[in-house]
Amino acid sequence: MTTRSAEHTTFVIERRLTAPVARVFRAWSTPESKRQWFACHGEWVPLEYALDFRPGGTERNYTADTDGLLHAYDARYIDIVPDTRMIYAYEMKLGQTRISAALVTVAFEVEPSGTRMVFTEQVVFLDGYGDNGARLQGTEIGLDNLELFLERETSPIH
């Protein structure tokens with residue numbers, strides 16, 4: 001019998017990016033761009049990716065880890081204000097087991113040097129899933145990849 005539990009946590013990641021707000025927002029909102037940076041494990045095998053970026057739209061990112069286990073991310077966009085904020089809810093599954101559900105707000109502010117981006121995630125880990133900080137670490141890696149993507153976009157040599 002499975003023990004049912006719900007462990008809540010919230011984390012906030014702030015980044016100062018040298019790219020203008022419109023370009024940072026576009027990296028989040030266009031499938032061609034987001035697919036290039038939205039990963040936290042480069043050695044995992046991509047299986048399926050789709051992004052319908054609009055209120056009520058969905059995003060799906062399915063990958064297999066090095067052992068072949070499915071990591072399934074399914075999101076639904078709740079609120080989008082171009083170049084200002086987005087709010088979405090998502091669930092994560094390992095194989096067929098739901099391990100978490102989360103609400104995320106990403107806010108963008110114009111700064112003289114580019115963009116201040118604040119990523120806030122409220123997550124609940126389910127039924128004894130022991131995250132041990134992996135979600136925060138994976139999100140940090142994903143946002144590092146976003147920064148690298150934005151730098152590559154402005155580089156004269158791609």
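Biologist: Over the face of which ring does Lys34 lie at 5.8 Å from the ring centre?

Modeller: A charge is placed over a ring when the Lys NZ is within 6 Å of the ring centre and within 35 degrees of the ring normal. In this predicted model, Lys34 lies over the face of Tyr88, at 5.8 Å from the ring centre. Lys34 also lies over the face of Phe38, with 4.3 Å to that ring centre.

Biologist: How many aromatic pairs are there, and what is the geometry of Trp37 with Phe38?

Modeller: Planes over 60 degrees apart count as edge-to-face. The count comes to twelve aromatic pairs. Among them, Trp37 and Phe38 are edge-to-face, at 5.8 Å centre to centre and 85 degrees between the planes. Both Trp37 and Phe38 are buried. Phe38 also pairs with Tyr73: the planes are at 65 degrees and the centres 5.2 Å apart, so this pair is edge-to-face.

Biologist: Which parts of the chain does the pair of Phe38 and Tyr73 link?

Modeller: The pair joins distant parts, 35 residues apart: Phe38 is in the loop between helix H2 (31–37) and strand E2 (45–51), and Tyr73 is in strand E4 (residues 70–81). Because buried means under 20% relative accessible area, Tyr73 is buried at 7%. Phe38, Tyr73 and Tyr88 belong to one aromatic cluster, which also includes Phe11 and Tyr90.

Biologist: Is Glu121 buried or exposed, and with which side chain does its side chain make a polar contact?

Modeller: Glu121, in strand E7 (residues 114–126), is buried, with a relative accessibility of 1%. Its side chain makes a polar contact with the side chain of Arg135 (3.4 Å). Beyond four places away in sequence, Glu121 touches residues including Phe11, Tyr90 and Thr139.

Conventions:
Residues numbered from 1 in each chain as written. Predicted model: local features only at pLDDT ≥ 70, side-chain atom pairs only at ≥ 80, totals over all residues. Heavy atoms only, no water. Phe/Tyr/Trp six-rings, centres within 6.5 Å; stacked < 30°, edge-to-face > 60°. Buried < 20%, exposed > 50% of the residue type's maximum accessible area, 1.4 Å probe, protein only. Helix = DSSP H or I, 4+ residues; strand = E, 2+ residues; numbered from the N terminus. Polar contact = N/O pair within 3.5 Å; in protein donor to acceptor, adjacent residues only side chain to side chain. Contact = heavy atoms within 4.5 Å.
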